[in-house]
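Here are a few friendly notes to read alongside the model. Please keep the structure open as you go through the points.

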Amino acid sequence: MVLPSGGEGEAPLPLAGIRVIDMTVVWAGPHCTQLLAEWGAEVIRVEPITRIQPSTRGAELRISKEAIRSLRERGQSALYTFVDDDPGERQWNRSAQFNSHARNKLSCTLDVMTPEGLDIFKRLIAISDVFVENNVPETIEKAGITYEALAEVNPGLVMLRMPAYGLEGPYKNYRSFGNHIEAMAGHHYLRGYPDLDPSATGASFTADAAGGVLGAFAVLLGLRHRRRTGRGQQIELALVENFLPYLGEIILDYRMNGRVPQPQGNAHPTHAPHGAYPCRGDDRWIAIDIQDDEQWRALKRIMGDPEWADRREYDTASGRLRCREELDRQLAEWTRTQERYDLFQRLVAAGIPAGPVQDEADLFQCPQLHERGFFEELTQADTGPRLYPGLTFRMANTPNHLRTPPCMLGEHNEYVYRELLGLSDEEYGRLVELGHVGTAYRQLPG
C-alpha cells in the first residue's frame, strides 16, 4: 500500500518518494507532518497502544455522549470534540483535534520503549528519509532514539526535533503546551486586554502553528542538503525560539528604547478607531481599522455624519488616539444597529479596511471559501463522510487535493510490518502477543 501522490494524469507531488516517520504529539509536530503529507510524503505515525499519548488522539479521558451533552447544556465544554458529540467505542479515531491534522497519514502501532520495539523502529528508520518528533528531550533519550543512535543505521536520516525550549539549557526537559510557550515568549501578556489580567486572556497556540510551518520548511532544507552532500543531519527547532522573531519589533523596541509594552488587546499603536465592534444579532461583530484621516471622513459619511463624530480631536490621528476609548464606545453604539455583512460591504466600498468576524458556521457559508472549493470531503470508517479544511496553499502547475482520511490507530500495521519490513507471520504474531500491534489501546482510563 502506498498513498497516491497525485491523480491520474496529474503531475507527481513534490515530496513523492519521501518517507517520514512521525512520532509527534498535540499540534506543533503533527501540523509539521501534515504539511509534508499533503504534498506527497509518505508519513507513517508510530504510536504505542500500551499507553496513551496525552492531548493527541483524545483517548486519555473516557466520557459518555450524555456527559458531553450535559456539559454543553451548562455552557461548558468537554476536553475534546467528537463527531456528533459521541466518543463512540473507539474515541481515539473520532477526535476532531487529531483528525484535523491526520489526513494523508498512515498509522502503525509500536512501543519503542521495549528492546524488541526499538529494534523494529530502527529497521523502519533504516528505510526512511525523515524522522520528526516533538517530545520532551528526556523521553527520546530514554527510548534510545537520539540522532546519534539512529544515524548509525541511516547516515542519510534528516531528524527534526521540536522541543519547547531546546535540547540543552536549564529548561531542556520542561514539558510545555501552547499556552506555556506563549507565556514564556511574552505573547500571552502582550495580546491581553488592558483592563484584564493575563489569566482572562484565553488560549492561543500561535507558537504551535508557527512551529509546524517552520518545521516543515526545515525538513525541506535538510533534504536539500542531503541531496547535495549525501549526508543527513539533526535539525533542532525550539518552539519558543522559533516564535520570538514574530515579536521582533517588540523585543527590539525594548532593547533600543527601554519600553516594556503593555497589553494591547485589539488596540493599534497608531490607528484609531481599531478593533472589533458589536453588530446586530447575537454575538455578531465586525473588525474595523481606520488608518488615516481620509478613511475617518469616509466612516463619518457612512454613519450619516452624527453629531458626536464632529469633535475637533477626532479630525487627526493623534487626537483619535488620545480619545480612543470614548471613540470606541460611540462607534460601538452605532455598529450595534448594523448588519455585519452589509456594513462590511459598504465600508470596503468606501476604502475602509473591515471584515465580519466569522465563526465556524459562517466559514461553511462563506462565498469566498465556497467559490474556491476550500473544504473537501473525506470518509473515515469511524466518522463517516465529513468536510475537512483543505490545502494550506496551492501550486499552479501541480494539482493537489486531500487524498486519504485521517489515519485510524494501527490502521496500516499490515502495510508497515509485512510490506515495508517484510516480517513473517511468526514475527508479526509475536509483536501482537507482546502488545505492539493492534487497533485499540490495551488499557483505557475508567
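This is a predicted model: local features need pLDDT of at least 70, side-chain atom pairs count only at pLDDT 80 or more; totals for chains, interfaces and linings use all residues.

1. How many bridges pair S7 and strand S8 (residues 285-289), and in which sense? The two strands pair over five bridges, in the antiparallel sense; pairing here needs at least two DSSP bridges.

2. Residues are numbered from 1 along each chain as its sequence is written, and side-chain values use heavy atoms, with hydrogens and water left out.

3. The open sheet runs in the order S7-S8-S9, with antiparallel pairing. Strands S7 (274-278) and S9 (354-357) each have a single partner strand, so one side of each lacks a neighbour in the sheet. Strands are DSSP E runs of at least two residues, and helices are H or I runs of at least four.

4. On to charged pairs: the whole structure holds 27 salt bridges (a Lys or Arg side-chain nitrogen within 4 Å of an Asp or Glu carboxyl oxygen). Glu-47 and Arg-57 form one at 2.7 Å, N to O. Glu-47 lies in strand S2 (residues 42-47) and Arg-57 in the loop between S2 and helix H2 (65-73), so the pair ties together parts 10 residues apart in sequence. Both are buried, meaning under 20% relative accessible area with a 1.4 Å probe and protein chains only; exposed is over 50%, and partly exposed is in between.

5. Glu-47 and Arg-57 also belong to a salt-bridge network with Asp-22, Arg-45 and Lys-105.
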